[in-house]
Each structure stands twice: as structure tokens, then as C-alpha cells.
Amino acid sequence: MSSVMGNKIKLSVFGESHGKAIGCVIDGLPAGVKLDMEKIEKEMERRAPGRDKTATKRREDDTPHIISGVLDGVTTGAPLAMQIENTNAKSEDYGALSAIPRPGHSDYPAFIKFGGHNDIRGGGHFSGRLTAPIVFAGAIAKQILEEKGVKIGAHIAEIGGVSDKRFDKNDISENLLERLSESSFSLIDTKREADMRSAVESARIRGDSVGGVIECAAIGMPVGAGGNIFDTVESRLSAALFAVPAVKGVEFGEGFGFAKMAGSEANDCYEIKDGSVRLLTNHNGGILGGMTDGAPIVFAAAIKPTPSISMPQKSVDLKAMTNETLEIKGRHDPCIVPRAVPVIEAVTALVLLDMIL
């Protein structure tokens, strides 16, 4: 099982959802970076459970404890190790699931791959809880990127069929991205929040869940970052995005919309403006030939509905080899999209920083 990403900066994630702790090791951070712990903790709070009605009632403190690599609040250049204690686990909720795989979860393939030795409690190492250390690492990457003039932000583009406005792909302000990154329910058009919350609450009452779409943007990237063939910006970002639990689709720029466009509509033409080359449009999401082209990087990620629902579902007993009806107990998110927004920002920051160092 590999839980490592990155080239110049390597992130390794460890722990299980109901183990003693989760955490990460970040190798390759430059020395001399003064960490803004208040900003990091705010990022952690955006992802943390138990703080919003759209999320599980399981409440974790999610306080990061830095073990090494930082002295007097400044990175030393040594590997930065961090852990978060798990303080609110109810492992008894998973006692009956050791041999009965939950539909939509990793349970069945993990049972086969690891011979039944995988930790099933809360999803174990496959749990979305492991995104907490990713957000911590991403918060550090965002601080370093901001010093280099790169700003990242994301918003809830859709939940349960209710849509927010989309980014103007060729005109995204730093102020907008800053506002989105400071919100626990990130929307461009805040008037859509009530309808989105209504869709989530309706699913919760039914014992069901809903998914959605997160749209992310990065501005200030230099032209020419990335490469072709196997080292494109799209491939590097996609690999990281699909490492986020529940991400099942990624599109850059117009994405699948390109299939309905003519070349004359899809091409992004150029102009000289204020002595610099500018794109007139940004249908390609800031990436051409696998490299950044100076326009904002814009992509969207589809988030599937939370698979843990309380409605009866058909499953099997892998030991008795009998058919079973499963009713999942415990505390689960009726919608993980709001909490996934800072995770999408985090993996984006880690990839972009890794590419420009």
C-alpha cells in the first residue's frame, strides 16, 4: 500500500480513521519558511467534521501536533512530521462489518487484497479522515505559493442538482479566491446556499446522501510549468485529485464540453495587452500541451454521494458466502462536498508547488 506523492516535495500520509492518530511527513520543504499556524488551523477547521449540519456529528479537535522539522515556527529543512490524535471514535459501530462489505466503499476489494487484515473501522486507511493531514500539508504549500504570487481557491459548483455560478475562466480575482478559501460553505453566489442545504437536509431525512461538483482555480502560475506526455499539469493534478476519496471525475477548462464545440470555438486566441501576451479566452483551463499558458488554471472535480447511508442495502457475508441486507449504523455525512473543498485546494497546492520548485 503506497501513500506517498510528489517529486521535489514528498508527502507521506499515515494512520487509520479509528487508530490512535493520523498524520503525515513532508520531505523537501525549503528551510526558513515561517509558518502561519493560525491560517493552517483555519484550513483544518474548514475540513473538520461536526461543525456543520451537512457533515457528520462526529467531532474531532483536529489539532496538528508538529513533531519535527520546525523550530520557533520556522521550517528547518528537515522532514516535517505531524500527527493528529483521534479522540472521538466509536469503533463498535463497525463490529458487524468485518465480513459484510458496505456498498460503495473499499471494503470488498480491500478484504480480498489484504486477506481480511485491513482495518475496517471507519474505513481504516481508506477513510476520508486521512484528508486531514493532506489539508495540513496543503496549507503549508499554499503559504509558500502565495509568496511566489500563486493563489488558489475553490467553491461548491453543485450539490444535489443545485448549482452555483461558475468561474469566469479568464478573469478570476485574488479577492474572490481569498473569500472562497476563508469560507466553510464556499460559494460564488451565496444566495444558492439555502437551496443547497435544503437538498442535503432532504437526503439526510431519507437516510440517503448527495454528491456534487467542486470547481477550483489557481492564478499567478508562471508560463511553461509542467511538461508533455507523462508529466503534464493535467496528469499530475489528476493523480492527486483522484487520491481524494469520493472524487470520480475531473475535467479541465470546458472539459467534456469540448465534445460539442468546433475548433473555432474551442481555441484560445492571443493578444498583446500592456506589453504582455494574453489569452482572449480560457476554454482550455490555463493548460496547453500539458504546460501552463499564463491564464488561470481552472478545473472541476465530481464528488460522489457519501456511500455510508442508513437505508437498507443488499450485500453479502464474505465468510459465510450468504446474501445479507445491510443497515449501516454510526455518524456519517449526508454530503461531503463542503468539507472536500479545502482538500481539493490542498492537493492542488501541493502539486503546483512541487512543479515550480
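1. Arginine 129 is buried, at a relative accessible area of 5% (buried means under 20% relative accessible area, exposed over 50%, partly exposed in between, with a 1.4 Å probe and protein chains only). Its partner in a salt bridge is aspartate 62, with the closest N and O atoms 2.9 Å apart (a salt bridge is a side-chain nitrogen of Lys or Arg within 4 Å of a carboxyl oxygen of Asp or Glu). Arginine 129 sits in the loop between helix H2 (107–113) and H3, and aspartate 62 in the loop between H1 and strand S4 (65–68), so the bridge ties together parts that are 67 residues apart in sequence. Aspartate 62 likewise counts as buried, at 3% relative accessibility. Helices (H or I, at least four residues) and strands (E, at least two) are DSSP runs numbered from the N terminus.

2. On the basis of these remarks: the model is predicted, local features need pLDDT of at least 70, side-chain atom pairs count only at pLDDT 80 or more, and totals for chains, interfaces and linings use all residues. Residues are numbered from 1 along each chain as its sequence is written, and side-chain values use heavy atoms, with hydrogens and water left out.

3. The structure holds 20 salt bridges. One of them joins the side chains of lysine 142 and glutamate 43, at 2.9 Å from N to O. Lysine 142 is buried at 6% relative accessibility, and glutamate 43 is buried with a relative accessible area of 11%.

4. Helix H1 (residues 37–47) and helix H3 (residues 131–147) meet at an angle of about 140 degrees, and their axes are 9 Å apart. (Axes are lines fitted to C-alpha atoms, for helices over the stretch in contact, and angles run from 0 to 180 degrees between N-to-C directions.) H1 is therefore oblique to H3; angles under 35 degrees count as roughly parallel, over 145 as roughly antiparallel, 65 to 115 as roughly perpendicular and the rest as oblique. The crossing of H1 past H3 is right-handed (a crossing is left-handed if the near helix is turned anticlockwise from the far one by less than a right angle, and right-handed if clockwise).

5. Which residues of H1 and H3 meet? From H1 come Lys39, Ile40, Glu43, Met44, Arg46 and Arg47; on the H3 side are Thr131, Ala132, Val135, Phe136, Ala139, Ile140, Lys142, Gln143 and Glu146 (contact means heavy atoms within 4.5 Å). The residues of this contact divide into 7 nonpolar, 2 polar and 6 charged. Here Ala, Val, Leu, Ile, Met, Phe, Trp, Tyr, Cys and Pro count as nonpolar, Asp, Glu, Lys and Arg as charged, and the others, Gly among them, as polar.

6. H3 also packs against H8. The two axes come within 7 Å and cross at roughly 50 degrees, which means that H3 is oblique to H8. H3 passes H8 in a left-handed crossing. The H3 residues in this contact include Thr131, Val135 and Lys142, and among their counterparts in H8 are Pro342, Leu350 and Ile356. The contact of H3 with H8 comprises 15 nonpolar, 2 polar and 2 charged residues.

7. Proline 338 belongs to helix H8 (residues 337–356). It is buried, with a relative accessible area of 6%. Proline 338 and serine 183 are 155 residues apart in sequence, yet their C-alpha atoms are 9.6 Å apart in space.

8. A further salt bridge pairs glutamate 193 with arginine 197, the closest N and O atoms being 2.8 Å apart. Both residues lie in helix H5 (residues 193–206), 4 residues apart, about one turn of the helix. Glutamate 193 is partly exposed at 24% relative accessibility, and arginine 197 is partly exposed at 26%. Elsewhere, salt bridges that share partners join Lys39, Glu146, Lys151 and Glu178 into one network.

9. Two backbone values deserve a remark. Most residues other than glycine have a negative phi. Aspartate 72 has a positive phi, near 55 degrees, in the loop between strand S5 (70–71) and strand S6 (74–75); aspartate 72 is exposed, at 70% relative accessible area. Methionine 321 also has a positive phi, near 55 degrees. Methionine 321 is placed in the loop between strand S17 (313–317) and strand S18 (322–326) and counts as exposed at 67% relative accessibility.
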